[in-house]
Amino acid sequence: MKRTRVKICGITRREDAWAAIDAGADALGFVFYAPSPRAVDAAQAQAIMKTLPPYVGKVGLFVNASVAEVRQVLETTALDCLQFHGDEPADYCGQFNLPYYKAIRVKPGVNLIQCELDFASASALLLDAFSEKAVGGTGLAFDWTLIPQGMQKPLILAGGLNPDNVAQAMQQVRPYAVDVSGGVEAQKGIKSPERIAAFMQQVMQFDAVHNGAV
Ligand SMILES: O=C(O)c1ccccc1N[C@@H]1O[C@H](COP(=O)(O)O)[C@@H](O)[C@H]1O
């Protein structure tokens, strides 16, 4: 029996956080990357986080941030996990005394087995689509057949997931978790409770049928 975890990323409002929690999401993502339309600062994130119940993961997403920026966010917020979505090396990612996972932007030729070795200290790898135009939150899916069999670390599948394709993605990749941002939005930075519920329904239904979850 296995339950696929879900992170809803790009939370900017308390009501969106609660829509995700009420629908059964396991974790929420807060984007500390100013160019993103989903960016929040530490004070905004903590104002949302302090309304949350226990047992909800709070992930901080950073893109090539300075050590001081990450530390400043950690001093103010109750994050319990870090997502590094830029070009950060493993020794940078591992210095904050929190579990972290590294986003790998997948394109033909990427060696994901080598990435596992390079980020041995990561608790998971997040696989997202590569784009020349943006580092993440692109709404683009990648070719899931580029993921080799037999990867050892938990895989978090991201990139262009939505209620219409998440079951197919789970069927093909069998990830530890799925991560969605744009696919459950009503508009950039604003989540749709209906799309979150539809996404969660698809994940739970897949698990019930294929993973023996109840
Ligand atoms: O959400 C963003 O704006 C963002 C900005 C910079 C880096 C990552 C970002 N989001 C992450 O991107 C993936 C895929 O998002 P989408 O579902 O395709 O919109 C996901 O991991 C988000 O956490």
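Helix H7 and its surroundings

Q: What makes the length of helix H7 close to the one expected?
A: Helix H7, residues 193-210, has 18 residues and reaches 26 Å from its first C-alpha to its last, close to the 26 Å expected at 1.5 Å a residue. The expected span is 1.5 Å times one less than the number of residues. Helices (H or I, at least four residues) and strands (E, at least two) are DSSP runs, numbered from the N terminus. This is a predicted model, in which local features need pLDDT of at least 70 and side-chain atom pairs count only at pLDDT 80 or more, while totals for chains, interfaces and linings use all residues. Residues are numbered from 1 along each chain as its sequence is written.

Q: Which residues of H7 are called buried?
A: They are Ile 196, Phe 199, Met 200, Gln 202, Val 203 and Phe 206. A residue is buried if 20 or more other C-beta atoms, placed from the backbone, lie within 10 Å of its own, exposed if 12 or fewer, and partly exposed in between.

Q: Why are the buried residues of H7 said to line one face?
A: Seen down the axis of H7, the buried residues fall within an arc of 150°, so they line one face of the helix. The arc is that of the directions from the helix axis to the C-beta atoms. An α-helix has 3.6 residues a turn, so residues three or four places apart point the same way. The face of H7 turned away from its buried side carries the exposed residues Gln 205, Ala 208 and Val 209.

Q: What makes the contact between H6 and H7?
A: The axes of H6 and H7 come within 9 Å and cross at roughly 35°; axes are lines fitted to C-alpha atoms, for helices over the stretch in contact, and angles run from 0 to 180 degrees between N-to-C directions. The contact is made by Val 166, Ala 167 and Met 170 of H6 and Phe 199, Gln 202, Val 203 and Phe 206 of H7. Two residues are in contact if their C-beta atoms, placed from the backbone, lie within 7 Å.

Q: Why is Tyr 55 called exposed?
A: Tyr 55 has 7 other C-beta atoms within 10 Å, and the limit for exposed is 12 or fewer, so Tyr 55 is exposed. Tyr 55 sits in the loop between helix H2 and strand S3. Its phi is positive, about 70°, although Tyr 55 is not a glycine.
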